[in-house]
Amino acid sequence: MKITETPISGVLLIEPRVFSDSRGAFFESFNAKSLKESGIDHDFVQDNQSVSKKGVIRGLHFQRAPFEQGKLVRVIKGSVVDVALDLRKDSPTFGRHFDIELNDRNNLILWIPPGFAHGFSVLEESTIFSYKVTNYYHSSSESGIIYNDIDLNINWGIKDGIVSEKDKVLPSYKDYCLSL
């Protein structure tokens, strides 16, 4: 596994070694020892998976302290634009976001530490998105920031996204900051 830093403090890009031959391909999508050696020293407690239509936007979601979740995200089938927004007040990259296309061809994996809002937009039909988390889902700690916040100016790579009613009424980034 090749693990590199991104422009956002703590967010790491993981590129697995893919072994291909006439039968297909094989790669390690998770190796606790390799991750620990790269500074990702967390216990993963739950795996989540979604299947989404092209044009769906999910996010930006997070859980409030003390139930924050680190996420190890990847695409099994299809493609997404994946977004991590730094909400750690003491971080040098607070308020900045990182986005990258994850798909079933580049096999990239993204580590998003606790303290981030996360979301993704779906670029292909029937995309399967999978992620490991470092803390269990806790409904009363669930929160988010509106996906189309003008101050964040996130390029989701699609127009007129399909967004849940719940995600359409999330607070703005400014309102989130006022609540700190």
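A: In this predicted model, strand S2 (residues 12-15) pairs with S10 in the antiparallel sense over three bridges. Within that pairing, Leu 13 has Leu 110 of S10 as its bridge partner. Both strands belong to an open sheet of six strands, ordered S1-S2-S10-S7-S12-S5 and paired antiparallel. The edges are taken by strand S1 (2-5) and S5; each has a single partner strand, so one side of each is left without a neighbour in the sheet. From one strand to the next the twist averages 20°.

Further along the order comes S12. Strand S7 (residues 71-77) pairs with S12 in the antiparallel sense over six bridges, and Leu 72 stands opposite Lys 132 in S12. Strand S5 (residues 46-52) also pairs with S12 in the antiparallel sense, over seven bridges. In S12, Val 133 is the residue opposite Gln 46. Strand S12 (residues 127-133) is largely enclosed by the rest of the structure, because six of its seven residues are buried.

Asn 107 counts as buried because its relative accessibility is 14%, below the 20% cut-off. Apart from neighbours within four places in sequence, Asn 107 is in contact with Ile 14, Pro 16, Val 18 and Phe 27. A contrasting case is Asp 160, in the loop between S13 and helix H2 (165-168). Asp 160 is not a glycine either, and has a positive phi of about 50°, but at 78% relative accessibility Asp 160 counts as exposed.

The partner of S9 is strand S8 (residues 79-86), and the two pair in the antiparallel sense over seven bridges. Ala 84 stands opposite Phe 98 in S9.

Of its 20 residues, Val 11, Val 73, Val 80, Ile 100, Leu 102, Leu 110 and Phe 129 touch the most other members. At least two residues of this core come from each of S7, S8, S9, S10, strand S11 (116-122) and S12. A second, separate core has 19 residues, including Val 83, Ile 145, Ile 146 and Leu 170. In soluble globular proteins, nonpolar side chains tend to be buried together.

Leu 102 lies in strand S9 and is buried, with a relative accessible area of 0%. Beyond its neighbours within four places in sequence, Leu 102 is in contact with several residues, among them Val 73, Val 75, Val 80, Leu 108 and Leu 110. Under the same exclusion of neighbours within four places in sequence, the contacts of Phe 129 include Val 73, Val 75, Val 80, His 118 and Phe 120. Asn 48, Gln 49 and Ser 50 are also among the residues in contact with Phe 129.

The remaining feature to describe is the largest pocket, with a volume of about 440 Å³. Its lining comprises 23 residues, of which Arg 58, His 61, Lys 71, Tyr 131 and Glu 142 lie nearest its centre. The elements that give two or more residues to this lining are S5, strand S6 (57-63) and S11. S6 gives the most, with six residues. Leu 60 is also placed in strand S6, and the peptide bond from Gly 59 to Leu 60 is cis, with omega near 5°. Another cis peptide bond runs from Ala 65 to Pro 66, also with omega near 5°. Pro 66 lies in the loop between S6 and S7.

How values were computed. Residues numbered from 1 in each chain as written. Predicted model: local features only at pLDDT ≥ 70, side-chain atom pairs only at ≥ 80, totals over all residues. Heavy atoms only, no water. Buried < 20%, exposed > 50% of the residue type's maximum accessible area, 1.4 Å probe, protein only. Contact = heavy atoms within 4.5 Å. Helix = DSSP H or I, 4+ residues; strand = E, 2+ residues; numbered from the N terminus. Pairing = 2+ DSSP bridges. Axes fitted to C-alpha atoms, helices over the stretch in contact; angles between N-to-C directions. Core = buried A, V, L, I, M, F, W, Y, C linked by side-chain atoms within 4.5 Å. 1 Å grid on protein atoms, 1.4 Å probe; cavity = no way out; pocket = protein on both sides within 12 Å on 5 of 7 lines; lining within 4 Å. Points joined across faces, edges and corners; volume = space filled by probe spheres on them.
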